[in-house]
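Hi,

Here is the structure I promised to pass on.

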Amino acid sequence: MGFNRMIRPLPHRHNKCKHCHIARLCLPGDLDRKTLHAKKQLHFKAHALKPGEQLCHQGEHLRHLYRVRSGLLKSTMTTSEGEEFVMGFHLPPDLIGWEGIDQEQLSLSVIALDHTSVCEVPIAQIGDLIRSIPNIESRLLQMVSRRMKVQNQAFLQTTAEQRVANFILHL
């Protein structure tokens, strides 16, 4: 079985968490089916992307976090000088967009490399979800933590000089 076949998108008619194949890896976590069925707010818009289609653009107002359901995405950042850098690749069950929450704008552009499906989790809805489903907050923090670990491991592959230069640039 080829790589493209393994990550083909899922049908979009079942975009409720109770029907999603990665629900246990996502915000609902270990909620049982009965609880999932009762929680009407665990129904997010699914978005299908074709290869080469843009999910979001750096600098746009942040309205959603995106959860990868299937497929493959690439994130890039463009500097003020116009240089584009590949920041990462995203597979299910990655969470995209959390990097821009502090400034309420997307810090990355994201493009589909294959047929891809994502769920759009509205930022405005996250507070309500946390209040009504207590384990959502810990699940969200686990997802962010997992991504930070991956980024830290990649950072370890840079030289000490590169890390010092990066520190100075951030100042």
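Predicted model: local features only at pLDDT ≥ 70, side-chain atom pairs only at ≥ 80, totals over all residues.

Residues are numbered from 1 along each chain as its sequence is written, and side-chain values use heavy atoms, with hydrogens and water left out.

The protein has five helices and eight strands (DSSP runs numbered from the N terminus: H or I of at least four residues for helices, E of at least two for strands). Along the sequence they run α-α-β-β-β-β-β-β-β-β-α-α-α. Of the 171 residues, 37% are buried, meaning under 20% relative accessible area with a 1.4 Å probe, protein chains only. Among contacts (heavy atoms within 4.5 Å) with a separation of 6 or more, 75% link residues 24 or more positions apart.

Helix α4 (residues 135-155) has 21 residues and spans 30 Å from first C-alpha to last, close to the 30 Å expected at 1.5 Å a residue; the expected span is 1.5 Å times one less than the number of residues. Its buried residues are N135, I136, R139, L140, M143, V144 and R147. Their cover includes β3 (64-70), β5, β6 and α3 (123-132).

Two backbone spots to check: the peptide bond from P92 to P93 is cis, with omega near 5°, and P93 sits in the loop between β5 (84-90) and β6 (95-96). E104, in the loop between β6 and β7 (109-112), has a positive phi near 55° despite not being glycine.

On a 1 Å grid over the protein atoms alone, a cavity is a set of points where a 1.4 Å probe fits but cannot get out, and a pocket is an open set with protein on both sides within 12 Å along at least five of seven lines; lining residues have an atom within 4 Å of a point. Volumes are the space filled by probe spheres set on the points, joined across faces, edges and corners.

The second largest pocket has a volume of about 160 Å³, and its lining includes Q58, M77, D102 and Q103. There are two cavities of 30 Å³ or more. The second largest cavity has a volume of about 30 Å³, with C56, I96, L108 and V110 among its lining residues. E99, G100, L106 and S107 line both that pocket and that cavity.

Cheers

Conventions: Buried < 20%, exposed > 50% of the residue type's maximum accessible area, 1.4 Å probe, protein only.
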